[in-house]
Amino acid sequence: MPDSAKKLRFAFLAILLLLVFSYPLISIADKQQLIWGFPLLYAYIFLVWIIAIFLLFLTAEKRGPKKNNGQ
């Protein structure tokens, strides 16, 4: 992936994460409800965090093995 496209994806993910962790969306999850024994707010933050890590992993380019030139 070209560097400019990669930078745009990272910028988009940063803005998306800022929006997802903003007060209006976090206040929606701030309820007295339990999911698997955890408060809804904690589950929301943890799930968004895990999804963000996964999306950043997919966006980051893996480097393939180095090619041997003539060896």
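This note goes through the predicted model from overall layout to single residues.

1. Basis. The model is predicted, so local features need pLDDT of at least 70 and side-chain atom pairs count only at pLDDT 80 or more, while totals for chains, interfaces and linings use all residues. Residues are numbered from 1 along each chain as its sequence is written, and side-chain values use heavy atoms, with hydrogens and water left out.

2. Layout. The chain has 3 helices and 2 strands, in the order α-α-β-β-α along the sequence. Helices (H or I, at least four residues) and strands (E, at least two) are DSSP runs, numbered from the N terminus. Of the 71 residues, 15% are buried; buried means under 20% relative accessible area, exposed over 50%, and partly exposed in between (1.4 Å probe, protein chains only). Among contacts between residues at least 6 apart in sequence, 58% join residues at least 24 apart, where contact means heavy atoms within 4.5 Å.

3. Pairing of α1 and α3. The axes of α1 (residues 3-20) and α3 come within 11 Å and cross at roughly 175°. That makes α1 roughly antiparallel to α3. Axes are lines fitted to C-alpha atoms, for helices over the stretch in contact, and angles run from 0 to 180 degrees between N-to-C directions. Angles under 35 degrees count as roughly parallel, over 145 as roughly antiparallel, 65 to 115 as roughly perpendicular and the rest as oblique.

4. Residues between these helices. From α1, Lys6, Arg9, Phe10, Leu13, Leu17 and Val20 meet Tyr44, Val48, Ala52, Leu55, Leu56 and Thr59 of α3. The residues of this contact divide into 9 nonpolar, 1 polar and 2 charged. Here Ala, Val, Leu, Ile, Met, Phe, Trp, Tyr, Cys and Pro count as nonpolar, Asp, Glu, Lys and Arg as charged, and the others, Gly among them, as polar.

5. Leu13. This α1 residue is buried, with a relative accessible area of 9%. Leaving aside neighbours within four places in sequence, Leu13 is in contact with Leu55, Leu56 and Thr59. Leu13 and Ala52 lie 39 residues apart in sequence, with 7.9 Å from C-alpha to C-alpha.

6. Thr59. Thr59 belongs to α3 (residues 40-59) and counts as buried because its relative accessibility is 7%. The side chain of Thr59 reaches the backbone oxygen of Leu55 at 2.8 Å.

7. Nonpolar core. The largest nonpolar core has 6 residues, namely Val20, Ala29, Leu40, Leu41, Tyr44 and Val48, and α3 gives the most to this core, with 4 residues. Such a core is a set of buried Ala, Val, Leu, Ile, Met, Phe, Trp, Tyr and Cys residues joined through side-chain atoms within 4.5 Å. Not counting residues up to four places away in sequence, Val48 touches Leu17, Val20 and Phe21.

8. Ile26. Helix α2 (residues 23-29) holds Ile26, which is partly exposed at a relative accessible area of 21%. Beyond residues up to four places away in sequence, Ile26 touches Val20, Phe21, Leu41 and Tyr44. The C-alpha atoms of Ile26 and Leu40, 14 residues apart along the chain, are separated by 10.0 Å.

9. Trp36. Most residues other than glycine have a negative phi. Trp36 is not a glycine, yet has a positive phi of about 55°. Trp36 sits in the loop between β1 (34-35) and β2 (38-39) and counts as exposed, at 77% relative accessibility.

Definitions and conventions: Polar contact = N/O pair within 3.5 Å; in protein donor to acceptor, adjacent residues only side chain to side chain.
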